[in-house]
Amino acid sequence: MAVWIQAQQLQGEALHQMQSLYGQHFPIEVRHYLAQWIESQLWDSVELENPQEELKAKRLLDSLVQELQRKAEHQVGEDGFLLKIKLGHYANQFKSTYDRCPLELVRCIKHILHSEQRLVQEATNANCAGGGAMDSLSQRHQQINQAFEVLRVSSQETENELRKLQNNQEYFIIQYQENLRIQAQISSLASLPPAERTQRETTLQSKRATVEAWLTREANTLQKYRLDLAEKHQQSLTLLRKQQTLILDEELIQWKRRQQLAGNGGPPEGGLDVLQSWCEKLADLIWQNRQQLRRAEHLTQQLPLPGPIEELLTKLNGDITDIISALVTSTFIIEKQPPQVLKTQTKFAATVRLLVGGKLNVHMNPPQVKAVIVSEQQAKALLKNESTRNDSSGEILNNNCVMEYHQTTGTLSAHFRNMSLKRIKRSDRRGTESVTEEKFTVLFESQFSVGGNELVFHVKTLSLPVVVIVHGSQDNNATATVLWDNAFAEPGRVPFIVPDKVLWPQLCEALDMKYKAEMHSGRGLSEDNLVFLGQKAFSSTSNNPDDYRSMTMSWAQFNRESLPGRNFTFWQWFDGVMELMKKHLKPHWNDGAILGFVNKQQAQDMLMSKPNGTFLLRFSDSEIGGITIAWVAENPNKAGERLVWNLMPYTTKDFSIRSLADRISDLNHLLYLYPDRAKDEVFSKYYTPPLSKAVDGYVKPQIKQVVPEFTTPNPEPPDGNPTYMDQAASPSVGPPSNFGIYPSINDPMLDADGEFDLEDSMDVARHVEELLRQPMADQWSSQQS
């Protein structure tokens, strides 16, 4: 049957070729309804060229005809009437067509099966890149679809058996009534003359004995039918439970895990359409089997017979009610999570969805969903089914929403668009735990009925952990809590337990995922970058990646304890880098222009072997969210000596004044981006276009960066009108020039560590800007005075 299931999934030309295999010689309906029987026969054992094999072929033909006749007999009711006629017709057709040449039937079926296998194999190879093995996702989906086909066939068979049982039971009741009528006739003979009474009594007693004997046999047969049907339902329930476990405990849990990792910047969790279609098929099959069991129970009540059937049916009804309850409660999910860092008095949104809502007609009486925020302890109590009714840890505005049914997509969902956390009630914190380590969750709950109030469900689902903040300054520490939880939470955990310590490679994976998401780039953290981070995290000097693979990092090391000699944690430094890059330097990172994760000593070693004017960009070790330029040049105070210089770090504040590309353009002593790329080749596309000329006697102000120790005046513009602003650096080193526009700087701007003080140079630029706001004549008069 497996080949036929796969053949039905063929597409395009392959499907057309498969359909062309069938016709009057072998109808496709026969292949469909006898798929399991056909594939279980030993067709290949028949040698077509050996006339002595004709007897074996004849037996196969007779078996095929008998199987068709048996299948036709099981079709009852209006739905099966036409199929019954068709299958009976095909049985007669095969008998008349192949009775004298049964080997031709075997030849036909062998050709069909081999062709189907070839088409399926070709389709499988085409779907596998390079003809490799089918990926695990496709295999799982195929396994699920095959199981659904088995369940569909099984449910149809139990439906047919149930109808047959009902027909037999109805006939039994008719005969039972006939027996009662005979007994009544015998009782009425008392008023007849003895001779006539004896003659008629003998006839009636004989008839009565015949009917009672038939009733006894038929009662045993009915009891056997009932037990056989109950056994088949038991098998169907076992398959249903297995299929439901596969979908809910594996596929749905994996989707939720992908959703959680997406919160750390992982790939999108994907749509719910496939999962919903599976859940709806499950709901259909479960409800179908439940209705069959209810009808079987009704038949048993209608005609009680001694035996264990009533107890067995009661158990089966309980089992299938448990199955559908698990399906409904598990498919009430959060499609769009609320933000995991949640600021009070700020609008936020979320969407919940019931994957089986449309199939169970829940939308006919749309339920209302309520959202409340609960603490970690309250969430634990909820999962233990301990009463927490009316308990919450805060107040959410606009927290009620009616589920809406979307006809085009078949989805039943509630969209909370304007929720706002008005207040939060915090619990007592443990030890050194801060408010940004305290986790909450948004509880969504609803109640509805299915089957005309036959079953009532109270459903609830918890959001991913939420950290509540009241000020933007708490955001980075709250994000650390969320990142650690999303990355290292295990399925089925007690809320919201996470390991206190993880392997360094695991943390690297989480950091890389987050970094790539923030940069919107495929360029993540390289092995060298991760070694740099390992050195920072563990205060190590090793450059060997293998030295860090077995190391572990605790939550305290990650974002509770400051790095040695610093007043910030490892995460705060890393998050500062991401914020700076995300806001101002993303294009340069994606271009590969920023090395970033390089310390001062590494930068010196890399640059000293390069020509003067070679520079690189690295993140500051000492400042959160800082980036510095390191370059190699002659020592202006000692001829012939080359040094590596480090500019005081830029931060977000600096780049809001002037961009990185423009700052690099300003510094003429910077010539080549490490290792050997001309700076204009890398950065020119990001330069700000030149300002237009003066209008109505005014000159537009312009800020340019200068580093006095590396500054020489530019030549005057071609039109001969100096702007007194185009002062830039030159790779040649000389004594600081003194222009009349501001006093000379006597104190060097180079700090004790060889870093320039950017703040001082920016003060000069701001002074220039203030002067340029005045009319030109006023500037000159103030300078001359």
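Among contacts (heavy atoms within 4.5 Å) between residues at least 6 apart in sequence, 69% join residues at least 24 apart. The model is predicted: local features need pLDDT of at least 70, side-chain atom pairs count only at pLDDT 80 or more, and totals for chains, interfaces and linings use all residues. Residues are numbered from 1 along each chain as its sequence is written, and side-chain values use heavy atoms, with hydrogens and water left out.

The protein contains 23 helices and 21 strands. These are DSSP runs numbered from the N terminus (helices H or I, at least four residues; strands E, at least two). Of the 785 residues, 45% are buried. Buried means under 20% relative accessible area, exposed over 50%, and partly exposed in between (1.4 Å probe, protein chains only). The accessible surface is about 39600 Å². Carbon and sulfur atoms account for 50% of that surface. Areas come from the Shrake-Rupley method with a 1.4 Å probe; for residues, only the protein chains shown count as cover.

Helix α6 spans residues 77-98 and includes F81. L83 also lies in helix α6. L83 counts as buried because its relative accessible area is 16%. Leaving aside residues up to four places away in sequence, L83 touches Y33 and Q75. The C-alpha atoms of L83 and A72 are 7.1 Å apart, at a sequence separation of 11 residues.

Q378 sits in helix α12, residues 376-383. Q378 is buried because its relative accessibility is 16%. Its side chain makes a polar contact of 2.9 Å with the side chain of S393. Such a contact is a pair of N or O atoms within 3.5 Å; within protein, one must be able to donate a hydrogen and the other to accept it, and residues adjacent in sequence count only if both atoms are side-chain atoms.
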